[in-house]
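The sequence and structure come before the details.

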Amino acid sequence: MENSMRGSVYYQSAVLTKVIFFEGAKKINRINPNHEHYQCIASFKTMESYKKVWDNFFNYLKEYFKVKNFELITSEHVKSYIEYKIEYYPSKQYLEKIISALGKLEIALNRYSKDKYDNPITYDFKIRQELLNNARDLKLVANNYHNRVYVNPSLVIANLKNVNHQIAASIQLEGGARSEGVTLIKEEQLKGYKIDDITKQTVGVVETKEKGGKVGDVLITLNTYQKLENYFVDNDTNTFKIKYQDYLDDIKNSCKKVNATYQGSHGFRWTFAQNRVREYQKHDLATLNRT
């Protein structure tokens, strides 16, 4: 067994692959709790597919959480990654593959730690099944987001200690921006004002680019837009930047303070989705009443 999990993303996932992949291992042994191949993977194709998920997850952890030793993975990291993936409306099959792959990662980490340490680390990623259940019907926004919204998001935002985190959370709540859309915003992304087609209110426009290159507009209140404008002026910079992990920690502490259920940064986006559905319904109803 290796003495350290230091190394590249791909090296570390390869180390974990070695403790769980036994090509051709018999099924009778893989379901026997007393056998060394219990819960292991016997198919090269399956292992290759899962390793791609692991690599993607590990790269995500490096980028957003600055985690480079994957023995430090927690259930909070798993929760954040799955919610991040759900934001991109994956197919049911793809999401189920991610859930399964992370289940095998849990087993691999536990086996690795048990072999390496006298007092092994215990990994528990059961949160993934709850998240899968919440996201089963990915086409129905209202259903998909129903259980993950903040009851009083404005109170949570008001109690964030960092003013920049308040701006980021407001952008997610008002415009539905994804997490990577608020951790880094360049001044050139501010596109001025427009009338919201649905609410008929004047709003500020922030252009965002999603992973994959898709460009879209996030519509936010004039108050939040002006705070963002002021940030660039006051700090003499053209870049608004926050650390994702610090942002999550601030949200978590705020939730504790106001006795709210912690839903991560994604909870603001999901609350936006629910509110937007209501605006559409109200708009359609008003149109019907006029005709």
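## Salt bridges and strands

D55 forms a salt bridge with K51, with the closest N and O atoms 3.2 Å apart; the term stands for a side-chain nitrogen of Lys or Arg within 4 Å of a carboxyl oxygen of Asp or Glu. The model is predicted: local features need pLDDT of at least 70, side-chain atom pairs count only at pLDDT 80 or more, and totals for chains, interfaces and linings use all residues. Residues are numbered from 1 along each chain as its sequence is written, and side-chain values use heavy atoms, leaving out hydrogens and water.

Both D55 and K51 lie in helix α3, four residues apart, about one turn of the helix; helices are DSSP runs of H or I with at least four residues, strands runs of E with at least two, numbered from the N terminus. D55 counts as buried at 10% relative accessibility, while K51 is partly exposed at 22%. Here buried means under 20% relative accessible area, exposed over 50%, and partly exposed in between (1.4 Å probe, protein chains only).

By this rule there are six salt bridges, including these:

| Pair | Closest N to O distance |
|---|---|
| D55 and K51 | 3.2 Å |
| D124 and K126 | 2.6 Å |

K79 and E83 are both buried. D124 is partly exposed at 36% relative accessible area, and K126 is exposed at 60%.

Strands β2 (residues 190-195) and β3 (residues 202-209) pair in the antiparallel sense over four bridges; pairing requires that DSSP finds at least two bridges between two strands. K194 stands opposite V203 in β3.
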